[in-house]
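Let us read this structure together, one feature at a time. Keep the sequence and the 3D view open.

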Amino acid sequence: MSPILAGVLQVSALVAALALVHRPFGDYMATVYTSPRHLRAERWIHRAIGSDPDAEQRWPAYLRAVLAFSAVSTLFLYLLLRLQDRLPLSLGFRAIDPDQAFNTAASFVTNTNWQSYAGESAMGHLAQTGGLAVQNFVSAAVGMSVAVALVRGFARSRTGTLGNFWTDLVRGVVRILLPVSVVAAVVLVAAGAVQNFAAPQEVTTLSGAVQHLPGGAVASQEAIKNLGTNGGGFFNANAAHPFENPNALSNLWEVFLLLVIPFSLPRTFGRMVGSVRQGYAVVAAMAAIWLCAVVAVTALEYAHPGAAAQAAGGAMEGKEARFGEGASSLFAVSTTMTSTGAVDSAHSSYSALGGGVLMLGMMLGEVAPGGTGSGLYGMLVIAVIAVFVAGLMVGRTPEYLGKRIGAAEMKLAAAYILVTPALVLCFTAAAVALPTPPDSTLNPGPHGFSEILYAYTSGANNNGSAFAGLNADTQWFNTTIGLAMLLGRFLPMVFVLALAGSLAGQKPVPDTAGTLHTHKPLFSGLLVGAVLVVAGLTFFPALALGPLAEGLS
Amino acid sequence: MNAAALRSTSRLTGAALRALLVLTAVTGVLYPLAVTGIARAALPGNAGGSTVEVDGRTVGSALIGQAWNGPDGRPDPRWFQPRPSAGGYDAPASGASNLAATSPELLRLVEERRAQVAAFNGVRPAAVPADAVTASGSGLDPHISPEYARLQADRVARARGLDPAAVRALVREHTRGRPGGFLGEPVVNVLELNAALHEAAP
């Protein structure tokens, strides 16, 4: 079988699996977030928290709970890393430096998982499983909670309330992320991923050399890292490391895991607003953009432009033999477009234009299909903008799902989409204008600029992958990328929850002959257009200086 | 901040801290221990790192690539050689070169490796496949392409005084097709192949 045919079959198998699973899984998630009943374990947890799981919150209260939980998480993780040398199970690793501990804490709490450290030579078992992996769960559950709160804003009328954050958080972890992760982790172990709490094992090889084989709770972390679209690798090489991703089957399984929640949540959304077709219009736009990017990057990697790749006879630099160009490209597109940031190959070594598409995938705002929860709320904000644009064209007051999109709603949507471009472009400009930050780049010329642009794009959009030639473990990059991650995560959440509160308080507008049909393919097309125009064009000048200049020269 | 706001903030912070601690116990302690328990009971070999034993001695992991050098630190012709590695197959230092496809340095490295691999194996430079001249993503790639393995068979046979046909048969035996017929790429596991070679002719 030719590699290209195998690549096509691989994508087809993935799409078929997602098509099969999204329905029961999306419906299940809708039940989770609407059921009035609490499991006994959840009641225990709520008693420990001291919260009433049935108390409805208005948007400011919901937001305060999100921010309080995230602030406490950041501080807790920061202390865990700073005190690593004095806590048990450290494997003898030293305390993490203040700037790197801030960066890492911000990174994992914001669901970004940008890593300026190498896991196997910096983090002990306690930091990995008790700190970082915990945030993999809860940051994903926070994202889903905010998405569900926005959906409730559309679904509810004449009430200011959006549900209860603590209930949504606990249910997301207990009923969705935890059970799926257990199954996912066992499958990964069956494929060959390691799962133990052992210290590195010293062996003497057949050629007489000494090798230290690392251990760790890798499979359990790998499962939630993908399912929660977190992406932080147990090891420096992330999912390229054979202990994290042992073969091509585990590779496809990991891609499936990182796509399954983002591609199923639109079904959940459709269920909760009472029309699954509304969900399908959203998922169609997500899938169209994702598939175009898969085709583009895969084709570019098979063609392997670039002098070094041409000389090698294939784009295998930074790629594993067991994956090859096809499986690596599929993983790369899926990880950048879901805000995951796990990598099974070195994105920096992709062809200039292929790497540019990966960067563009993040710049579109992580909406195709985007991260757990954040993808759905990002796309719904784009939908608000799309109906506004459509309303302007025909001279009607825009409406979406029976809610009027007035000046207040548009201001919040506009503020939402301005946050990440402002962060990415300002920080990148500052980094290239200052004297020392450019010293961190590995490659010369436009690719060096791309390394910096990629870093802030990845941080502000909460992706976490890297053009890893950049030495990001400097005070400048640790601090500024840390700020980009925090602002890029929580400012949009403020606007989303305010929007949700404003929508939930409205009374529904009745459908008329002039109402825009937002459950039809035309609207999916409008969504794709809005994503490309709003987010894509903002970054065109920056892309022209990096990947376009490199690819066309 | 007035007293009421302060009270409500501290109440909220307390709730957030308790929520984090409870969820840490569930997802940071119970979950990894449960998975470890299942993994060790059902799949002890995989959970422990897929180690390979030769003559009753652990000689590495089937999943972690190794350097196959002689005492002089240069590639040993008696062993099948792995792909280039950005970290020199140092297991606690995984990672890629991150050099761009347009990088002049990578171009130089590729040309150097092509010449070296061709001379080492006594083949034409054009016959050297891409995976033999490029460093992997992990720096610990345990595999090489079947083309690269076949290209090395005659040289290994020469260095060990073996029948080339027997070494080629060993390579065929250790060539793994795509899982499921269409996932990833066909590969040869270097440690498993070398271990079989060692057992055939120590």
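Q: How many residues does the contact take from chain B and from chain A?
A: Contact means heavy atoms within 4.5 Å. Here the contact takes 89 residues from chain B and 99 residues from chain A. A word on the ground rules: this is a predicted model, where local features need pLDDT of at least 70, side-chain atom pairs count only at pLDDT 80 or more, and totals for chains, interfaces and linings use all residues. Residues are numbered from 1 along each chain as its sequence is written, chains are lettered from A and ligands numbered from 1 in the order written, and side-chain values use heavy atoms, with hydrogens and water left out.

Q: What area is buried between chain B and chain A?
A: Buried area is the accessible area (1.4 Å probe) that two parts lose on being put together, summed over both. The value for this pair of chains is about 7200 Å². Carbon and sulfur atoms give 68% of that area.

Q: How many salt bridges does the rule find across the interface of chain B and chain A?
A: A salt bridge is a side-chain nitrogen of Lys or Arg within 4 Å of a carboxyl oxygen of Asp or Glu. The rule finds two across this interface. One of them joins B:Arg113 to A:Glu317. Their closest N and O atoms are 3.8 Å apart.

Q: Which helices and strands of chain B supply the side that touches chain A?
A: Helices (H or I, at least four residues) and strands (E, at least two) are DSSP runs, numbered from the N terminus. Among those that each supply at least two residues are helix H1 (3–42), helix H3 (104–121) and helix H6 (190–200) of chain B. H1(B) gives the most, with 22 residues.

Q: What is the strand order in the open sheet of chain B?
A: Two strands pair if DSSP finds at least two bridges between them. The three strands have the order S3-S5-S4 (chain B), with antiparallel pairing. S3 and S4 of chain B stand at the edges with a single partner strand each, so one side of each has no neighbour in the sheet.

Q: Which residue is the bridge partner of B:Arg176?
A: The partner is B:Val187, in S5(B). Two bridges join S4(B) to S5(B).

Q: Where is the cis peptide bond?
A: Look at omega. The bond from A:Ala368 to A:Pro369 is cis, with omega near 0°. A:Pro369 is found in the loop between H12 and H13 of chain A.
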